[in-house]
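Please set the sequence and the three-dimensional view side by side before reading on. The report below takes up the ligand site, a few individual residues, the aromatic side chains and the backbone in turn.

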Amino acid sequence: MGSLIVDTPVAIGRISDHGAQVLQWQPSGAEPVIWLSSHAVFARDVAIRGGVPICFPWFGAGRSGAMSPAHGFARLVTWPCTATTEQDGMVAVEHVLTQEQAVDPQFPYRYRMTSTASFGDELTLTLLVENTDATPFSFEVALHTYLAVGDASSVSIVGLEGAEYHDKLLDRHVVQAGPVIFDGEVDRVYSSTSDVILRDPALARSVTIAKSGSASTIVWNPWVDKSRAMADFGDEEWRDMVCVETGNVGDRAITLHPGEAHEMKVIVSVSSHRPTS
Ligand code: TA6
């Protein structure tokens with residue numbers, strides 16, 4: 001399971017060919033921004049816990065609720081690495097997945113998916129999905145970003161105020177009032193095209209998630225009980241992470257006709273609130 005290490009004066013990073021999954025990003029002068037579980041399993045057909053898993057061609061169990069494996073097959077297969085470039089300390093890594101490498105009877109189409117990860121003073125992730133078939137298809141997609149935080153119980157997310165979300169725990173649709181905070185398990189799919197900012201007082205920083213081509217923002221923290229129930233997740237690791245995911249899921253799924261393409265992009269950046277000495 002190959003991976004590429006980025007180590008330049010601008011940033012440290014790591015991306016695995018398994019799932020074309022970003023595993024690490026730490027801009028110079030900052031604490032790590034992308035979180036990876038210390039219990040993550042690296043093996044064939046296993047999702048790596050943390051980083052930025054690519055969910056495709058469905059999210060969770062899909063719109064039918066009957067799809068498997070969870071979050072689709074893209075994160076479980078090796079993507080060919082097709083290009084790496086470096087300029088001024090920024091490193092870009094491209095992977096391409098087609099039906100040649102990964103096919104599933106639940107998604108019987110010809111497709112081409114290009115992932116580009118750019119590691120610099122920002123982390124830029126771009127997913128381009130092309131319909132190379134002769135028939136239309138629909139898909140869900142998400143960049144399931146695990147952000148490292150100082151203490152999940154003290155962070156807040158602004159930018160989703162007034163957005164409707166599906167609360168997956170209550171199976172209810174709710175409108176967000178005020179910032180998103182975490183005082184228990186949170187698993188919400190917001191209908192929102194907005195950028196969001198995660199405020200992390202414990203690390204004295206803010207992380208901005210700027211996006212384009214995405215109508216869904218998913219927010220997740222497993223909290224105590226679910227963390228203990230996951231073998232590849234430390235019992236106390238819920239405090240160290242928050243997922244802020246960029247996608248198009250549920251009724252925001254994308255339909256492509258033959259020859260059409262859809263691009264989704266997220267730019268992660270961090271700003272410190274520590275007083276300059
Ligand atoms: O993005 C939130 C979510 O859909 C949660 O429901 C939880 O299942 C999480 O993804 C992790 O899913 P995974 O299949 O990676 O364990």
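## Terms and basis

In this report a residue is called buried if its relative accessible area is under 20%, exposed if that value is over 50%, and partly exposed in between, with a 1.4 Å probe and protein chains only. By that rule valine 268 is buried, because its relative accessibility is 1%.

The model is predicted, so that local features need a pLDDT of at least 70 and side-chain atom pairs count only at pLDDT 80 or more, while totals for chains, interfaces and linings use all residues. Residues are numbered from 1 along each chain as its sequence is written, and side-chain values use heavy atoms, with hydrogens and water left out.

## The ligand site

The side chain of arginine 75 places an N or O atom 2.8 Å from an oxygen atom of the ligand, and for the side chain of arginine 49 the corresponding distance to a ligand oxygen is 2.9 Å. A polar side-chain atom of lysine 168 is 3.1 Å from an oxygen atom of the ligand. On its own the ligand has 390 Å² of accessible area, of which the protein covers 81%, as computed by the Shrake-Rupley method with a 1.4 Å probe, where for residues only the protein chains shown count as cover.

Strands (E, at least two residues) and helices (H or I, at least four) are DSSP runs numbered from the N terminus. Glutamine 21 belongs to strand S3, residues 21–27, and is buried at a relative accessible area of 0%. A polar atom of the glutamine 21 side chain lies 3.0 Å from the backbone oxygen of isoleucine 48. Apart from neighbours within four places in sequence, glutamine 21 is in contact with Arg14, Ile15, Ser16, Ile48, Gly50, Val52, Pro53 and Arg75, contact meaning heavy atoms within 4.5 Å.

Valine 268 is part of strand S22, residues 261–272. The C-alpha atom of valine 268 is 5.7 Å from that of threonine 208, although the two residues are 60 apart along the chain. Beyond four places in sequence, the contacts of valine 268 include Trp25, Leu123, Leu147 and Thr208.

## Aromatic pairs

Rings of Phe, Tyr and Trp (its six-membered ring) form a pair if their centres lie within 6.5 Å, and a pair is stacked with planes under 30 degrees apart, edge-to-face over 60 and tilted otherwise. The count by this rule is 17 aromatic pairs. One of them is the edge-to-face pair of phenylalanine 107 and tyrosine 111, with 5.8 Å between centres and 65° between planes; phenylalanine 107 is buried at 3%, and tyrosine 111 is buried at 1%.

Tyrosine 165 and tyrosine 190 make a tilted pair, at 4.7 Å centre to centre and 45° between the planes. Because tyrosine 165 lies in strand S13 (residues 164–167) and tyrosine 190 in strand S16 (residues 186–191), this pair ties together parts 25 residues apart in sequence.

## Backbone features

Most residues other than glycine have a negative phi, and most peptide bonds are trans. The bond from phenylalanine 56 to proline 57 is cis, with omega near 0°, and proline 57 sits in the loop between strand S4 (54–55) and strand S5 (81–87). Serine 68 and proline 69 are also joined by a cis peptide bond, with omega about 0°, and proline 69 lies in the loop between S4 and S5.

Alanine 20 has a positive phi near 50° and is buried at 3% relative accessibility. Aspartate 171, not a glycine, has a positive phi of about 50°, and this residue is exposed with a relative accessible area of 59%.

Methods: Polar contact = N/O pair within 3.5 Å; in protein donor to acceptor, adjacent residues only side chain to side chain.
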